[in-house]
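This briefing covers overall dimensions, domains and nonpolar cores. The sequence and the structure come first.

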Amino acid sequence: MGSNGVYVIAELSANHGGSKARALEVVHAAAEAGADAVKFQHYTDQTITVRSNHPDFRVSGGTLWDGRQLADLYAEAMMPWEWTQDLVAEAKKVGIDWLSSPFDNSAVDFLETFNIPTYKIASFELIDLPLIRYVASKGKPMIMSTGMSTVEEIDRAVRAATESGAPKVSILRCNSTYPANSSEMDLAAIPEMIKRWGIPVGLSDHTMSSVTAIGAVALGATILEKHITMRRSDGGPDGAFSLEPHEFAALVRDVREASLSLGTARFGPSASEVNSLKFRRSLRAVADIKAGEKITPTNVRSVRPAGGLMPDDFASIDGSVASRDIAIGDPITRDLLN
């Protein structure tokens, strides 16, 4: 659990731009922006896909990457594994957690050498149950994104993880378009996910504002994953749907405040409202009333502040006689009446 109830993950993805120095800079920026963790991805162009002339291996469909060969795209996006030790050390130095998405068993084996604290399964790998089982067998907590997935697919993935040894499993609502359209996020699924699976639920957010994240927190999300980049103008496969550090910091502030605002199902005054009780309405004299004079709607009304009888009590005192002089503004109490 993160600060103020939301665990915020800053996703590096391909925003290293092929530079370890920039990757280290992003780790620093994530910490300064208030993230609880930074996330890496461990794959190679050889482990996540293969080079093929088959048309299915060329991106199409109106994406940011249309026309690109998958192997070329992943070769550009991959983070060199030899950076891992320095990036992990830097995350520890600046005081944030780290986690990673492995995309095959060799990545899992590699990450185990660093005693990785938490694994993340990407939406596209949610149907790779053998991979999920292998990750779970390492006995570490798992977070799994559910973009595109049906209820049945999520059921199978959660079951595979829990039955294979993961001590804690969390799932993230996600829309696997880049950038994602807020109107297609269907955040109303979050309470249903909490109800159905009974495990922590969060949001992997590819929209370009904080509105969706705030909505998710209001609906019960306790984990937020968002891409971070130093500058969108740097380009790269993921730059267009990533937040710059100042935007990420604003997002963190917004979701922290949203989480705090949820509070508890309390009724009655909060601690800061107690002082305001004295300004509620009550029955008070709105004209000077002599002893022996009758109480009427013209000399007693419901006004602010409190101190007198409740406004609904007027019917029971209408026509009563004042037992002594009552000055304008005095609270009306039963001991003043005959």
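**Overall shape**

The protein has a radius of gyration of 30 Å, whereas a compact globule of 338 residues would have one near 20 Å; the radius is taken over C-alpha atoms, and the globule rule is 2.2 Å times the number of residues to the power 0.38. This is a predicted model: local features need pLDDT of at least 70, side-chain atom pairs count only at pLDDT 80 or more, and totals for chains, interfaces and linings use all residues. Residues are numbered from 1 along each chain as its sequence is written, and side-chain values use heavy atoms, with hydrogens and water left out.

**Dimensions and domains**
- The C-alpha trace spans about 100 × 40 × 40 Å along its principal axes.
- Domain 1 (5–42 + 77–260) and domain 2 (272–334) are given by the domain assignment, which is automatic or from a database.
- Their C-alpha centres are 61 Å apart.

**Nonpolar cores**
- A nonpolar core is a set of buried Ala, Val, Leu, Ile, Met, Phe, Trp, Tyr and Cys residues joined through side-chain atoms within 4.5 Å, where buried means under 20% relative accessible area (1.4 Å probe, protein chains only).
- The largest core has 65 residues, and Phe40, Trp98 and Phe248 are among those with the most contacts inside it.
- A second, separate core has 13 residues, including Leu283 and Leu337.
- Beyond neighbours within four places in sequence, Trp98 is in contact (heavy atoms within 4.5 Å) with residues including Val38, Phe40, Leu111 and Phe114.

**Burial**
- Of the 338 residues, 47% count as buried.

Note on methods: Buried < 20%, exposed > 50% of the residue type's maximum accessible area, 1.4 Å probe, protein only.
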